[in-house]
Amino acid sequence: MLPTARHFAVVTTEPIRRHWGMPLLESFTGDPARVDVIEMQDGERYKTMSTVERLASELVKLNADRNTVLIALGGGVVGDVTGFLAGIYMRGIRFVQVPTTFLAQVDSSVGGKTGVNLRVGKNLVGCFKQPELVLADPMVLTSLPEREYRSGLYESLKTGVIRNPEIFEFMEAQRDTILERKIEALEWLIAESVRVKADVVGEDEEEHGVRKILNFGHTIGHALEADTSYKVFLHGEAVAWGMIAATRMAQRTKRIDAEEASRIIQLVLSYNKLPPVQSRANNITRRLGADKKTLDGQVHFILPCAVGRVEDTTDVAAEVVLEAVSELRSFPQA
Ligand SMILES: NC(=O)c1ccc[n+]([C@@H]2O[C@H](COP(=O)([O-])OP(=O)(O)OC[C@H]3O[C@@H](n4cnc5c(N)ncnc54)[C@H](O)[C@@H]3O)[C@@H](O)[C@H]2O)c1
Ligand SMILES: [Zn+2]
């Protein structure tokens with residue numbers, strides 16, 4: 001149920017509004033509330049303080065007050081910006097997430113992390129702000145470009161590896177149905193993936209401990225994204241390579257047996273041909289120390305012990321990391 005309010009402000013971008021603006025506005029029929037739509041420019045480049053400032057000024061012009069409810073209609077970019085805006089506008093107002101990408105439905109809309117990028121790095125300014133409601137409708141995914149869609153699926157695959165073998169097995173067995181975007185399959189996959197994320201976040205909202213397992217694949221993934229200036233990989237694709245590297249590290253350090261490791265790697269590779277890794281391995285390992293998740297100069301790796309179970313460790317020799325990254329080139333790529 002939408003929270004009750006007399007004024008809603010939908011934050012979105014022009015392309016998303018074109019696809020899903022009307023259906024959302026029509027769903028307000030019969031409701032006496034005033035609904036405004038404000039747009040930000042589309043894309044990660046606009047996930048900035050200046051976008052937040054401009055949107056806040058527009059809210060003021062629309063007489064938005066402490067009872068206004070914001071609705072984020074879009075992918076992770078719109079969700080992160082809108083959540084942050086809701087966190088700070090008039091010291092905090094309510095907001096609702098209507099995620100329109102697979103990644104946003106299973107990942108970014110859940111957990112309450114919001115924020116924007118600075119020129120010097122991603123997601124460096126933000127706050128924790130929980131939405132009143134997350135409305136994830138798999139129908140909206142039908143208009144998502146193929147590459148965006150497949151990239152988002154890796155976040156679900158991740159939840160399977162870290163916590164829920166059923167998700168993993170479902171993705172093995174139902175690959176074709178999932179890639180055809182059959183609604184029933186997506187409903188199950190999204191609900192189960194969200195459950196994993198919500199459970200983990202519920203146990204550790206501010207990431208002091210168990211929440212770190214959600215970073216499986218992200219340590220190397222973030223380094224690959226940064227090393228290619230965010231131009232080569234979509235986020236999920238970089239995470240996919242990161243999951244392969246982490247699985248190989250786990251295998252080399254005898255945390256996981258060869259058969260289980262190969263199951264994980266095969267499933268990752270079966271969901272898309274990933275853009276090739278061209279970074280030098282030691283550039284990647286050098287970047288690991290600069291990761292926001294690095295504490296006390298120690299790099300944390302989330303390594304799988306089996307499908308459904310991972311270990312958070314700082315105990316991985318530098319050569320093992322280097323080898324796992326160098327080896328990525330030997331896997332099939334686009
Ligand atoms: N807050 C968190 O916990 C969290 C977690 C993961 C990622 N993120 C953030 O999420 C962002 C990435 O989100 P994303 O992958 O959703 O990318 P995005 O928001 O940039 O959306 C990707 C593209 O898809 C288009 N699009 C969105 N929905 C569509 C639809 N239904 N049909 C057609 N086109 C559509 C958008 O216009 C955009 O061009 C990053 O900024 C990342 O930092 C946040
Ligand atoms: Zn991610």
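**Domains, ligand shell and helix packing**

The centres of domain 1 and domain 2, taken over C-alpha atoms, lie 27 Å apart. The structure is a predicted model, in which local features need pLDDT of at least 70 and side-chain atom pairs count only at pLDDT 80 or more, while totals for chains, interfaces and linings use all residues. Residues are numbered from 1 along each chain as its sequence is written, and chains are lettered from A and ligands numbered from 1 in the order in which they are written.

**Domains**

- The protein chain is assigned domain 1 (7-142) and domain 2 (145-330), with bounds that come from an automatic or database domain assignment.
- Domain 1 brings 16 residues to the contact and domain 2 brings 22 residues; two residues are in contact if their C-beta atoms, placed from the backbone, lie within 7 Å.
- On the side of domain 1 that touches domain 2 there are 9 nonpolar, 5 polar and 2 charged residues (Ala, Val, Leu, Ile, Met, Phe, Trp, Tyr, Cys and Pro count as nonpolar, Asp, Glu, Lys and Arg as charged, and the others, Gly among them, as polar).

**Shell around ligand 1**

- Ligand 1 is surrounded by 28 residues, of which G75, G76, T100, T101 and S108 are the closest; a residue is near a molecule if its C-beta atom, placed from the backbone, lies within 6 Å of it.
- At least two residues of this shell come from each of helix 1 (14-26), helix 3 (76-88) and helix 4 (102-108); helices are DSSP runs (H or I, at least four residues) numbered from the N terminus.
- The shell divides into 8 nonpolar, 13 polar and 7 charged residues.

**Packing against helix 13**

- Helix 12 (residues 281-288) packs on helix 13 (residues 318-326) at about 130°, with the axes 9 Å apart; axes are lines fitted to C-alpha atoms over the stretch in contact, and angles run from 0 to 180 degrees between N-to-C directions.
- Helix 12 is therefore oblique to helix 13 (angles under 35 degrees count as roughly parallel, over 145 as roughly antiparallel, 65 to 115 as roughly perpendicular and the rest as oblique).
- A281, N282, I284 and T285 of helix 12 meet A318, V321, L322, V325 and S326 of helix 13, a contact with 6 nonpolar, 3 polar and no charged residues.
- The axes of helix 10 (residues 235-252) and helix 13 come within 9 Å and cross at roughly 135°, which makes helix 10 oblique to helix 13.
- A245, R248, M249 and R252 of helix 10 contact V320, V321, A324 and V325 of helix 13, giving 6 nonpolar, no polar and 2 charged residues.
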